[in-house]
Amino acid sequence: MDSAEVINEVAGQVAVCQKCNLHLSRKNAVPGEGPAQVELMFIGEGPGFYENEQGRPFVGQAGKFLDELLASAGVTRAEVFITNVVKCRPPGNRDPLPDELSACRGYLERQIEALNPTVIVTLGRYSMAHFLPNAKISSAHGKATWVNGRLVVAMYHPAAALHQPSLKETVLADFSHLPEFIQQAKKVQQVRTSGKPSAAEPAAAPAPEPAQQSLLDLFGAPAPAPEAPPSPQPDDGDDDSTPVQLSLF
Ligand code: URA
Ligand code: SF4
């Protein structure tokens with residue numbers, strides 16, 4: 001099956017899925033949308049009111065802000081894939097429950113494998129926790145981590161910035177680094193596939209901004225083994241988290 005076929009198959013399965021109780025209250029499941037192979041994939045939490053109405057991801061207020069963020073990073077919706085960790089709306093927009101997250105996990109994993117994105121951007125804690133179960137968003141946001149050979153960049157959820165205006169600048173600043181992360185990830189992929197960076201590109205990225213990790217950091221030593229994974233903690237805004245781990249290759 002090629003990637004478009006897998007993406008379509010997953011969408012068909014999600015549309016009629018009854019693997020968790022969220023199917024009971026949904027109007028439309030929201031499998032996600034975008035091209036079948038992408039450089040950039042965005043993963044949010046779960047459909048909200050308008051997404052449930054339309055069966056499309058990020059079409060409400062948070063979606064409008066996401067469009068602004070994408071534009072600020074120089075990308076358009078048409079070139080990225082956008083989905084969520086749960087494909088059906090949690091009633092009243094409550095947080096997804098652990099059994100709902102685990103019931104839905106397989107769909108996201110098939111999508112990731114088919115899309116084969118260079119960079120995955122997680123929007124919010126639940127999406128981040130799929131890849132980095134021990135990270136805290138207050139310290140992990142804006143940072144990139146290699147997870148199973150893909151660069152995962154954790155961002156605050158756009159809706160968090162709408163509810164907490166002080167976060168808006170932070171989210172915009174984090175998104176402004178996305179193009180550099182994409183460039184870095186592409187170089188690492190080139191090294192992996194061909195053994196050397198392409199002739200057209202310099203071997204080393206220019207020194208990144210302080211919030212960035214350099215290529216050297218990205219190749220750095222793996223972090224210690226993660227502790228037992230807790231379910232995601234509510235973001236209490238503290239900053240006492242463990243450093244973001246680098247899971248390499
Ligand atoms: N919030 C999300 O996490 N996902 C959507 O699709 C819409 C809002
Ligand atoms: Fe199925 Fe996921 Fe919807 Fe639950 S949230 S019913 S697992 S598609």
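Start at Tyr 50, which counts as partly exposed in this predicted model, because its relative accessibility is 47%.

Now for the aromatic rings. Searching the whole structure turns up two aromatic pairs. Take Phe 42 and Phe 175: their ring centres are 6.2 Å apart and their planes meet at 10 degrees, so this pair is stacked. Planes under 30 degrees apart count as stacked, which is why an angle of 10 degrees qualifies. The two partners come from distant parts of the chain, with Phe 42 in strand E1 (residues 40-44) and Phe 175 in helix H9 (residues 166-176). That puts them 133 residues apart. And are these two phenylalanines buried or exposed? Phe 42 is buried, with a relative accessible area of 0%, and Phe 175 counts as buried as well, at 0% relative accessibility.

That brings us back to Phe 49 and Tyr 50, whose rings form a pair of their own. Here the centres lie 5.0 Å apart and the planes stand at 85 degrees, so the pair is edge-to-face.

Have a look at Tyr 107: Lys 19 lies over its face, 4.6 Å from the ring centre. Then find Trp 146, where the charged end of Arg 192 sits over the ring, 4.5 Å from its centre.

Note on methods:
Residues are numbered from 1 along each chain as its sequence is written. Chains are lettered from A and ligands numbered from 1 in the order in which they are written. This is a predicted model: local features need pLDDT of at least 70, side-chain atom pairs count only at pLDDT 80 or more; totals for chains, interfaces and linings use all residues. Side-chain values use heavy atoms; hydrogens and water are left out. Rings of Phe, Tyr and Trp (its six-membered ring) pair if their centres lie within 6.5 Å; planes under 30 degrees apart count as stacked, over 60 as edge-to-face and the rest as tilted. Helices (H or I, at least four residues) and strands (E, at least two) are DSSP runs, numbered from the N terminus. Buried means under 20% relative accessible area, exposed over 50%, partly exposed in between (1.4 Å probe, protein chains only). A charge sits over a ring if NZ of Lys or CZ of Arg is within 6 Å of the ring centre and within 35 degrees of the ring normal.
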